[in-house]
Amino acid sequence: MVICQTLEGVTDDIGVGRAQPTVADEKHMRKALDLAHSGGEQGEVPVGALVVRDGEVIGEGYNAPISIRDPSAHAEIQAMRAAAEQIGNYRLTGATLYVTLEPCAMCAGAIIHARISRVVFGAADPKTGACGSVVDLFAERRLNHHTEVVGGVLTDECGEVLKRFFQARR
C-alpha cells in the first residue's frame, strides 16, 4: 500500500501529495454528506462517514459524542464499529473509509489499527487534521500499516455543511 501517493506535481491545499480519487469516491462521499446532515439535525457537529468494501457499504456513522456521551464517538469510529460488527472482525482490510472532514489523530490511529486500506475525506481540518493539515500520521513510515489517503473530494460541499452549522450557533 502507498502512503499519500503523489500525483505528478499535484498537491492539495494542505500541501500533501494525494492519490487521485476514483469515480465511486464522489458517490460515496455524497452518502457521507447525508450522514453528516443526520448528525447535524441531532445537534452534533455534522460529520458523516461510511466504510465500503468490495463496493458494498458495511458501516456508517455520524458524530455522536454529545448524544451518547462518548468522546470517542466520532463519525469514523462509529462507521468502523458498525463495519467491524457487520463482518465480525475488527480488521477492515480492503476497505475504504469515506469521511466528510479530515480525520483527527484519534481517528487516524483507529483507522491504522483497523487496517483500513484507503481513506477519502472531503474538507481539510486546519485545527485537528491528521492527514496533513496539522500532522500527517498516515505519512509516518515507522508505523506497521500504511493507508492510502485521498483528500478534497467534494471539499466545498463538505465545508459548507460545517460552516452553516457553526454560523447558526454564533
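**Entry 1: Glu-148 and its partner.** I began with Glu-148, which counts as buried at a relative accessibility of 14%. The model is a predicted one, and I read every value below as computed from it. Glu-148 makes a salt bridge with Arg-118, and the closest N and O atoms of the two are 3.3 Å apart.

Entry 2: I counted eight salt bridges in the model. One of them joins Glu-157 to Arg-30, with 3.8 Å between the closest N and O atoms. This pair also links distant parts of the chain, Glu-157 being in helix H4 and Arg-30 in helix H1 (residues 23-41), 127 residues apart. Glu-157 is partly exposed, with a relative accessible area of 33%, and Arg-30 is likewise partly exposed, at 38%.

I also looked up Arg-142, which forms a salt bridge with Glu-140 at 2.6 Å between the closest N and O atoms. Here Arg-142 counts as exposed at 73% relative accessibility, whereas Glu-140 is partly exposed at 25%. Salt bridges with shared partners join Asp-25, Arg-118 and Glu-148 into one network, which brought me back to the pair of the first entry.

**Entry 3: the sheet.** Next I traced the strands, and found an open sheet of five, in the order E2-E1-E3-E4-E5 and with mixed pairing. Which strands stand at the edges? They are E2 (56-62) and E5 (148-150); each has a single partner strand, so one side of each is left without a neighbour in the sheet. From one strand to the next the twist averages 15°.

Within the sheet I followed E3 (residues 95-101) and E4 (residues 118-123), which pair in the parallel sense over five bridges. Tyr-98 stands opposite Val-120 in E4. Helix H4 (residues 155-168) lies across E3 and E4, and runs at about 60° to E4.

**Entry 4: the aromatic pair.** I found one aromatic pair in the count. The ring centres of Phe-165 and Phe-166 are 5.1 Å apart and the planes stand at 85°, so I noted the pair as edge-to-face. Phe-165 counts as buried at 10% relative accessibility, while Phe-166 is partly exposed, with a relative accessible area of 33%.

**Entry 5: helix H2.** I then turned to H2 (residues 75-87), a helix of 13 residues whose first and last C-alpha atoms are 18 Å apart, close to the 18 Å expected at 1.5 Å a residue. Which residues of H2 are buried? My list has Ala-75, Glu-76, Ile-77, Gln-78, Ala-79, Met-80, Ala-83 and Ala-84. What covers these buried residues includes strand E1 (48-53), E2, E3 and helix H3 (105-113). Gly-88 follows H2, and its phi is positive, near 75°.

Entry 6: Arg-69 is not a glycine, yet its phi is positive, at about 55°. This residue lies in the loop between E2 and H2, and at 74% relative accessibility Arg-69 counts as exposed. Leu-154 likewise has a positive phi, near 55°, in a residue other than glycine, and is found in the loop between E5 and H4. Is Leu-154 buried or exposed? At 12% relative accessibility, Leu-154 counts as buried, whereas Arg-69 counts as exposed.

Conventions: Residues are numbered from 1 along each chain as its sequence is written. This is a predicted model: local features need pLDDT of at least 70, side-chain atom pairs count only at pLDDT 80 or more; totals for chains, interfaces and linings use all residues. Side-chain values use heavy atoms; hydrogens and water are left out. Two strands pair if DSSP finds at least two bridges between them. Helices (H or I, at least four residues) and strands (E, at least two) are DSSP runs, numbered from the N terminus. Axes are lines fitted to C-alpha atoms, for helices over the stretch in contact, and angles run from 0 to 180 degrees between N-to-C directions. Contact means heavy atoms within 4.5 Å. The expected span of a helix is 1.5 Å times one less than its number of residues. Buried means under 20% relative accessible area, exposed over 50%, partly exposed in between (1.4 Å probe, protein chains only). Rings of Phe, Tyr and Trp (its six-membered ring) pair if their centres lie within 6.5 Å; planes under 30 degrees apart count as stacked, over 60 as edge-to-face and the rest as tilted. A salt bridge is a side-chain nitrogen of Lys or Arg within 4 Å of a carboxyl oxygen of Asp or Glu.
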